[in-house]
Amino acid sequence: MPDADTFLPFALPDIGEEEIRAVEACLRSGWVTTGPVTRRFEAAFRDYLGAEVEAIAVNSATAGLHLALEAAGIEPDDEVIVPTLTFTASAEVVRYLGARPVFVDSDPHTLNLDPAAVAAAITARTRAIVPVHFGGMAADMDTIVRLARRHGLRVIEDAAHAFPTRHHGRLVGTLDSDVTVFSFYANKTMTTGEGGMVVTRDPRLAERIRCMRLHGISRDAFDRYVSRTPSWYYEVVAAGFKYNLTDIASAIGIEQLRKIDRFQQRRAELARRYDDALADLPLVLPARPAPGSGSTHAWHLYVVRLDRAARGPGGARRTGVDRIGRDALIARLAERGIGTSVHFIPLHRQPYWRDSCGLHAADFPVAEAAFEAMLTLPLYTRMTDADQERVIAALHELLP
Ligand SMILES: *Cc1c(COP(=O)(O)O)cnc(C)c1O
């Protein structure tokens, strides 16, 4: 077995001296909770998106999704449409509010939620749709927003994978949904350790989200300490949450954001190299936005699927594919010191969701087939060309 030094993980954060110095300065300033640095991070994020939006920093994307659905007025027994092929956070926030996630299948090409399945899932109780931009390529937002408008539904984007992603020339975060939520978890395209950003154009939603982010207090703590009005006075207007991002985390975020275009370029370069080097293997490679569409991919994840239908010369089934399954391929790669993962075990397969929502695998044929065939290859900015060659060589050896 290779030692830990040569093990190639499937993701790694890219933290430089700039982030370390920024955290040190924050610690030395004496202000460590939400304050001026978080304000600067929110302003910088808004500037990056370059649109008339509000950006509200939170301590995770999960918290942000919860705040977004709460502000959108989701109540007990409401239904919220969520893809099955996602992380449990996309659905658990619906349960926080006593509402019911209604799971839908994926598009076989992009693995994003299938708009036809969304349309079929809408009932009189449906209040919102939560599209997830799988891997970093935008879902079919035009169709989803149109459907939502027709039925009077909210659209809350789970954009945990999609920073920065363009959809027909516009950045995710500036599209026509109600709220967009980004994640800065350790393995995402930029990180604050733990953290997230909620973005909305709607000033009423923004006000509610800001208020509920910090205990339902009508002014936030920083205002309380620096404002010239009596500093002891505040009003609790709702039973809020404790979802604020610290200045320590925001200090990291400001430096990561400065590097995000370089990060994105490197990710795109690595994805292109995988595409070229793996094209002749029995793999379904990740979908790409159509050239000239103005759409781009954040390449948070590079997800391949074993192509069971691949045919060799003369139409015979490719023996390599029949010999090795997904689980075995992951194990063989691990033996060679290459870390991979699976995104995702569909939620309809998870005991809690399966049992509490009465879900059946037969209702999600696309996600089922994708799950059984999929693995996520290493892709992160600190990965060298030589690291990637190792992954490519191992795949050529294991998938002849
Ligand atoms: C990572 C992730 C989240 C949760 O993000 P946190 O910041 O860890 O709360 C939500 N949805 C999806 C699809 C994710 O991948």
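Student: Where is tryptophan 299 in this chain?

Tutor: Tryptophan 299 is in the loop between strand S10 (283–284) and strand S11 (302–306). Helices (H or I, at least four residues) and strands (E, at least two) are DSSP runs, numbered from the N terminus. This is a predicted model, in which local features need pLDDT of at least 70 and side-chain atom pairs count only at pLDDT 80 or more, while totals for chains, interfaces and linings use all residues. Residues are numbered from 1 along each chain as its sequence is written, and side-chain values use heavy atoms, leaving out hydrogens and water.

Student: OK, so is tryptophan 299 buried or exposed?

Tutor: Tryptophan 299 counts as buried because its relative accessible area is 2%. Buried means under 20% relative accessible area, exposed means over 50%, and partly exposed is in between (1.4 Å probe, protein chains only).

Student: What about the phi of tryptophan 299?

Tutor: Phi is near 50° there, a positive value in a residue other than glycine. Histidine 168 also has a positive phi, near 45°, and is not a glycine. You'll find histidine 168 in the loop between S6 and strand S7 (170–171). With a relative accessible area of 45%, histidine 168 is partly exposed.

Student: Switching topic: which residues are joined by a cis peptide bond?

Tutor: Phenylalanine 163 and proline 164 are joined that way, with omega about -5°. Proline 164 is in the loop between strand S5 (154–158) and S6. Histidine 343 and phenylalanine 344 are joined by a cis peptide bond too, with omega about 5°. Phenylalanine 344 belongs to the loop between helix H12 (326–335) and helix H13 (351–357).

Student: How is the protein chain divided into domains?

Tutor: Domain 1 covers 17–257 and domain 2 covers 260–398; those bounds come from an automatic or database domain assignment. Their C-alpha centres lie 27 Å apart.

Student: What area is buried between domain 1 and domain 2?

Tutor: About 3100 Å², with carbon and sulfur atoms giving 64% of that. Buried area is the accessible area (1.4 Å probe) that two parts lose on being put together, summed over both.

Student: And how many salt bridges go across that interface?

Tutor: The rule finds 0 salt bridges between domain 1 and domain 2. For that it wants a side-chain nitrogen of Lys or Arg within 4 Å of a carboxyl oxygen of Asp or Glu.

Student: Now H3. Why is it largely enclosed by the rest of the structure?

Tutor: Because 10 of its 11 residues are buried. Among them are Leu65, His66, Leu67 and Glu70. At the start of H3, a side-chain oxygen of serine 60 comes to within 3.3 Å of the backbone nitrogen of threonine 62. After H3 comes glycine 73, which has a positive phi, near 85°.

Student: What does aspartate 78 contact?

Tutor: Gly73, Ala99, Arg100, Arg125 and Arg127, leaving aside neighbours within four places in sequence. Aspartate 78 is in the loop between helix H3 (61–71) and strand S2 (79–83), and it is buried at a relative accessible area of 5%.

Student: Last one: where is threonine 180 found?

Tutor: Threonine 180 is in strand S8 (residues 179–183), and it counts as buried at 2% relative accessibility. Its side chain makes a polar contact with the side chain of serine 177 (3.4 Å). Not counting residues up to four places away in sequence, threonine 180 touches several others, including Glu157, Val172 and Met197. Isoleucine 252 is 72 residues away from threonine 180 in sequence and 21 Å away in space, C-alpha to C-alpha.

Key:
Contact means heavy atoms within 4.5 Å. A polar contact is a pair of N or O atoms within 3.5 Å; within protein, one must be able to donate a hydrogen and the other to accept it, and residues adjacent in sequence count only if both atoms are side-chain atoms.
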